[in-house]
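Have a look at the model first.

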Amino acid sequence: MNTSRQVDTSGVWLVIPLYNEAAVIGDVVTRARSVFPQVVVVDDGSVDDGAEVAREAGAVVVRHPVNLGQGAALQTGFEYVRSRPDMEWAVTFDADGQHQTDDVLAMLEKARAEDLQVVFGSRFLDDRTTPSLAKRLVLRAAVGYTNLTTHTRLTDAHNGLRLLRRDVVERIDITQNRMAHASELVEQIGAMDVRYAESPVHILYTDYSRSKGQSLWNSVNILVELILR
């Protein structure tokens, strides 16, 4: 599916946290900007040249002098897009090539058609994404914990692909710098009593993305961090 000609993408900013992804970030930004021209990459203390590669691909780049964590990078990205008067929607988007712009287009269409303020991506609403059984079980456990401790009901609380309307972005304040930021974000959105829904997305697991932290142990770490936060 490619509906970019039919969907108005003006006012949409992609927020991409970046940490040592020089090998792929140029292609990720180039592909993203072919559909969503407005992209801000938050370089979270990388030691490679990913920030320069992202800038050459056309992204706005904001840099942390040291590595603070993905939650901190997202918060910095939100602060940047909040300063942009043209921002109507913010999309959290991964730097490693796992996310698909077609899914973002579908989320945007859904939000506009149903007057939603937030759309969460979910791996578990169709059969396109195929995590291992062990990873699926750990993610399900994390979802169960998140649903018990927030005012939301989701099938995939730790999916990094999300669409948020400006009025929601303006109220987000992420304080969990590491992986527990995902549940903190859901918790804050639940407390806002906003209109939200989920949309099926295809997370593309590759050898590269798995090597960069998409292993089973990373999922276990997310669950442990949720309980201890």
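## Inside helix α3

The buried residues of α3 are G71, A72, A73, L74, Q75, T76, G77, F78, Y80 and V81. That makes 10 of the helix's 13 residues, so α3 is largely enclosed by the rest of the structure. Keep in mind that this is a predicted model. As for its length, α3 reaches 18 Å from its first C-alpha to its last, close to the 18 Å expected at 1.5 Å a residue.

G71 sits in helix α3, and with a relative accessible area of 0% it is buried. Setting aside residues up to four places away in sequence, G71 touches I174, Q176, N177, R178 and H181. The C-alpha atoms of G71 and D173 are separated by 9.9 Å, although the two residues are 102 apart along the chain.

## The sheet

Now for the strands. Seven of them form an open sheet with mixed pairing, and the order is β3-β2-β1-β4-β6-β5-β7. At the edges are β3 (60-64) and β7, each of which pairs on one side only. If you ignore direction, neighbouring strands of this sheet are turned by 20 degrees against each other on average.

L14 stands opposite V91 in β4.

## Helices across the strands

Helix α1 (residues 25-33) lies across β1 and β2 (38-44), and runs at about 170 degrees to β1. Helix α4 (residues 101-114) lies across β1, β4, β5, β6 (162-165) and β7, at about 145 degrees to β7.

V104 counts as buried, at 1% relative accessibility.

## Aromatic pairs

Back to rings. How many aromatic pairs does the structure hold? There are two aromatic pairs. A pair like this is described by the distance of the ring centres and the angle of the planes.

In the pair of W13 and Y80, the ring centres are 5.7 Å apart and the planes are at 70 degrees, so the pair is edge-to-face; the cut-off for that label is over 60 degrees. This pair links distant parts of the chain, with W13 in strand β1 (residues 12-18) and Y80 in helix α3 (residues 70-82), 67 residues apart. W13 is buried, with a relative accessible area of 3%, and Y80 is one of the buried residues of α3.

F120 and Y196 also form an edge-to-face pair, at 5.9 Å centre to centre and 80 degrees between the planes. F120 lies in strand β5 (residues 118-122) and Y196 in strand β7 (residues 196-200), so the pair ties together parts that are 76 residues apart in sequence. Are these two residues buried or partly exposed? F120 counts as buried at 2% relative accessibility, whereas Y196 is partly exposed at 27%. The strand holding Y196, β7, is one of the edge strands of the sheet.

Terms used
Residues are numbered from 1 along each chain as its sequence is written. This is a predicted model: local features need pLDDT of at least 70, side-chain atom pairs count only at pLDDT 80 or more; totals for chains, interfaces and linings use all residues. Side-chain values use heavy atoms; hydrogens and water are left out. Rings of Phe, Tyr and Trp (its six-membered ring) pair if their centres lie within 6.5 Å; planes under 30 degrees apart count as stacked, over 60 as edge-to-face and the rest as tilted. Helices (H or I, at least four residues) and strands (E, at least two) are DSSP runs, numbered from the N terminus. Buried means under 20% relative accessible area, exposed over 50%, partly exposed in between (1.4 Å probe, protein chains only). Contact means heavy atoms within 4.5 Å. Two strands pair if DSSP finds at least two bridges between them. Axes are lines fitted to C-alpha atoms, for helices over the stretch in contact, and angles run from 0 to 180 degrees between N-to-C directions. The expected span of a helix is 1.5 Å times one less than its number of residues.
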